[in-house]
Amino acid sequence: MAEATESESRKLLSRLQATMAEGEAGQERLDRITHLIADSMGTEVCSIYLLRDSDTLELCATEGLAPEAVHVTRMRIGEGLVGRVARRARAINTANAPAERGFRYMPETGEERYSSFLGVPIQRLGERLGVLVVQSKDQREFSDDEVYALEVVAMVLAEMTELGAFVGEGEALSARHKHPVMFRGIVGQEGTAMGRVYLHEPRVVVTRPVSDDPEEETARLKTAIDKLRVSVDEMLSNVTAGGESVEVLEAYRMFANSRGWLRRMEEDIARGLSAEAAVEKEQSAARARMETVPDAYLRERLQDLDDLSNRLLRLLTGQGRDTGAEMPQDPILIARNIGPGELLDYGRSLRGVVLEEGSVGSHAAVVARALAIPLVIQASRITTEALNGDPILVDGDQGVVHLRPEDTVASAFRDKVAMQAEAQERYASIRHRQAETRDGQVVSLHMNAGLMADLPSLPSSGAEGVGLFRTELQFLTRSQVPRRGELAALYARVMDAAGGRRVVFRTLDIGSDKVLPYMKPFEEPNPALGWRAIRVGLDKPGVMRMQLQALIRAADGRPLTVMFPFIAQFEEFLQARDHLMREMDREDALGHALPSRLEVGAMLETPSLAFAPRQFFELADFISIGGNDLKQFFFAADRENERVRRRYDTLNVSFLTFLQQIVHRCDDCDTPLSFCGEDAGRPVEAVCFAAMGLNSLSMRPASIGPVKSLLMRTDLGEIRKVINAARAEGVQTVRPAVMEALRAQQG
Ligand code: PEP
Ligand code: MG
């Protein structure tokens with residue numbers, strides 16, 4: 001029986017292939033296909049419904065239903081049996097359709113005469129395209145083999161849709177990749193961008209879904225799998241240089257050697273699919289499972305299978321990366337995920353980046369922030385929807401992306417961009433002025449940086465200096481530890497570009513989510529609370545000492561400012577400082593010029609340091625609050641986990657009170673204090689910090705204008721009173737009171 005069905009479905013597929021080969025118009029082709037499916041399966045009806053827009057299915061061709069219903073009968077996803085097939089992305093097979101839940105009688109089709117119904121989704125890689133239905137009068141359920149055969153045919157139809165096989169006189173019968181789609185992701189980096197899609201990894205298109213030579217196809221598949229296994233083994237033996245983690249590669253190896261996976265693909269080939277179509281069929285099934293599996297671990301493994309299938313498809317078709325697609329003007333990069341090095345390679349040519357995965361603290365986000373490119377992360381399914389060259393709008397402020405936007409959306413967006421540009425002009429006009437509040441208090445504003453490419457922003461943003469230079473970016477984006485000479489040259493160029501303005505070099509801050517590709521993977525139950533930053537620097541001081549030498553050499557007699565990250569107790573600061581002093585002596589002995597002035601500071605990122613002995617505050621030349629980390633530890637709320645991060649307002653009374661205590665401790669010892677977490681760049685937060693006595697703030701360059709502008713229009717003493725009154729009332733956050741006062745002050 002299985003044998004017979006195999007050859008039946010092969011016969012059906014080769015008839016389909018013959019249809020594809022003929023140069024007919026889209027509609028004729030669809031009509032012919034419904035005819036031949038009904039004929040081959042011995043049913044009275046065969047109909048093809050395609051998606052008109054994201055929510056509507058349209059009867060596009062039929063054999064057996066009333067011809068007048070074609071392009072007239074429509075239903076929403078979920079409506080009727082056909083709509084339910086589309087919604088559930090699973091077949092419905094029933095001997096008595098009218099008795100089935102959800103059945104909807106459509107008089108125009110005359111379908112009540114048909115009792116049996118088999119509908120299968122037409123989908124490609126988890127993307128809904130339509131529904132393929134066969135119906136007959138006799139009451140029978142279709143056999144498993146018949147369901148399978150129809151699913152295989154539906155898959156070939158999906159490939160044909162992708163290839164535009166059903167495009168008729170000037171109009172697409174299927175509206176896929178045509179209608180506007182909005183994606184709601186998460187803010188990775190603020191800013192707005194308009195441009196055109198540029199896919200990091202263009203999708204492989206299966207141009208030959210059907211084959212009548214199963215032996216040859218099986219041989220092709222086996223050769224490709226052999227190559228795949230070799231490449232996975234190579235990646236595993238070379239794991240320190242690659243980007244993938246061992247866990248992922250082990251999963252790749254497991255799948256690449258999985259007999260079940262290979263067997264299922266061989267069965268599909270035996271039924272008439274080409275090798276690449278068989279791979280894609282399995283990939284689609286994995287994607288469908290991915291959407292329903294609640295277990296995160298299993299979902300990750302299915303994701304690995306998806307990646308591996310892509311690799312296999314690239315091997316089989318020679319398509320994929322480096323297809324030579326030209327970069328459009330104003331390119332917006334779309335990727336499932338991207339490594340920091342790859343993103344840096346694109347550099348500032350990009351207008352924006354949208355990722356399907358990614359996290360706010362990922363390396364890619366760090367680089368996008370450093371490059372000041374708007375970034376939206378977790379835009380689910382965008383890589384499946386977007387095509388190279390599609391118009392796209394990225395609203396990094398809201399975490400929203402509009403693909404193929406409607407005119408009204410595009411024009412509202414243009415207005416927003418224009419308003420922002422106007423605001424930028426206003427900011428440019430106050431660039432050279434101090435951030436002096438209405439009541440005469442001066443707040444000094446600095447910028448955060450991490451790349452040489454950031455330095456041009458120093459004069460243009462109006463920053464007084466670099467309040468935080470994150471040195472880990474050079475380490476994160478290389479395949480090996482950078483050399484001392486290389487680092488010294490880079491740091492020297494940074495100081496040159498700063499033209500005498502102060503640059504606070506923070507020593508290497510790795511660990512937590514910032515994992516160096518060449519560092520031995522180290523499993524930790526909770527990396528954010530783990531072996532990171534100064535803890536690594538003190539336990540394995542080789543790299544930190546090399547970095548300190550590079551900084552001293554780069555200064556070459558100029559002033560030098562060094563800051564140690566993540567100091568949790570006085571002792572750690574003492575030890576780190578000791579390393580620096582030893583390197584000073586060593587460099588001196590080697591005859592290198594010492595910095596004319598050395599400032600050694602600490603980042604206050606754990607609540608414990610706020611309670612350190614007085615001696616710490618006396619010894620530190622300055623302290624900078626790393627609010628991103630400090631806030632996560634203060635509230636015990638992971639900064640990477642949006643669900644809990646958003647729960648706690650930075651203007652929460654407890655947090656502000658805590659910040660004020662730190663201000664007092666520093667004031668007592670005359671220790672300069674600044675704030676360099678992301679919150680410093682949010683105007684309302686910045687005003688509140690300044691009101692609490694934090695009069696030095698460091699932020700991304702683009703925030704300096706808005707923060708300065710608000711400070712200059714604010715009476716800080718007044719805001720301090722409002723904050724104190726709100727605190728006395730016992731509110732949870734002072735935000736509403738401060739916002740109201742600010743609004744009143746702006747008049
Ligand atoms: C911080 O924690 O606030 C900070 C500035 O450091 P990073 O974001 O690099 O951890
Ligand atoms: Mg930090």
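View 1. The structure holds 41 salt bridges, each one a side-chain nitrogen of Lys or Arg within 4 Å of a carboxyl oxygen of Asp or Glu. This is a predicted model, where local features need pLDDT of at least 70, side-chain atom pairs count only at pLDDT 80 or more, and totals for chains, interfaces and linings use all residues. Residues are numbered from 1 along each chain as its sequence is written, chains are lettered from A and ligands numbered from 1 in the order in which they are written, and side-chain values use heavy atoms, with hydrogens and water left out. In this close-up, the side chains of D390 and R404 meet in a salt bridge at 2.6 Å, N to O. D390 sits in the loop between α12 (382–385) and β15 (391–395), and R404 in the loop between β16 (400–403) and α13 (407–429), so the pair ties together parts that are 14 residues apart in sequence. Helices (H or I, at least four residues) and strands (E, at least two) are DSSP runs, numbered from the N terminus. Both D390 and R404 are buried; buried means under 20% relative accessible area, exposed over 50%, and partly exposed in between (1.4 Å probe, protein chains only).

**View 2. D629 and R532, a link between distant parts of the chain.** D629 forms a salt bridge with R532, and their closest N and O atoms are 3.0 Å apart. This pair links distant parts of the chain: D629 belongs to helix α22, while R532 is in the loop between β20 (503–506) and α17 (534–539), 97 residues apart. How do the two partners count, buried or exposed? D629 is buried, and so is R532.

**View 3. Helix α22 and what follows.** Six of the eight residues of α22 (residues 627–634) are buried, so the helix is largely enclosed by the rest of the structure. The buried ones are G627, N628, D629, L630, K631 and Q632. Just after α22, A636 takes a positive phi of about 50 degrees.

View 4. The side chains of E599 and R597 meet in a salt bridge at 3.5 Å, N to O. E599 counts as buried because its relative accessibility is 13%, whereas R597, at 48%, counts as partly exposed. Elsewhere, salt bridges that share partners join R545, R553, E583, R586 and E587 into one network.

**View 5. F611 on F658, a stacked pair.** Rings of Phe, Tyr and Trp (its six-membered ring) pair if their centres lie within 6.5 Å; planes under 30 degrees apart count as stacked, over 60 as edge-to-face and the rest as tilted. By this rule the count comes to 14 aromatic pairs. The rings of F611 and F658 have centres 6.1 Å apart and planes at 25 degrees, so this pair is stacked. It links distant parts of the chain: F611 is in the loop between α20 (607–610) and α21 (614–619), F658 is in helix α24 (residues 653–668), and they are 47 residues apart. At 59% relative accessibility F611 counts as exposed, while F658, at 5%, counts as buried.

**View 6. F616 and F617, an edge-to-face pair.** Here the ring centres of F616 and F617 are 5.1 Å apart and the planes are at 70 degrees, so the pair is edge-to-face. F616 is buried at 0% relative accessibility, and F617 is buried with a relative accessible area of 1%.

**View 7. One aromatic cluster.** F611, F634, F635, Y648, F655 and F658 form one aromatic cluster.

**View 8. R614 in helix α21.** R614 is found in helix α21. With 42% relative accessibility, R614 counts as partly exposed. The C-alpha atoms of R614 and R336, 278 residues apart along the chain, are separated by 49 Å.

View 9. D212 lies in the loop between β11 (192–199) and α5 (214–237). D212 counts as exposed because its relative accessibility is 56%.

**View 10. The protein chain as a whole, for orientation.** The chain's secondary structure comes to 28 helices and 25 strands. Its C-alpha atoms fill a box of roughly 90 × 60 × 45 Å, taken along the principal axes. Buried residues make up 55% of the 747 residues in the protein chain.
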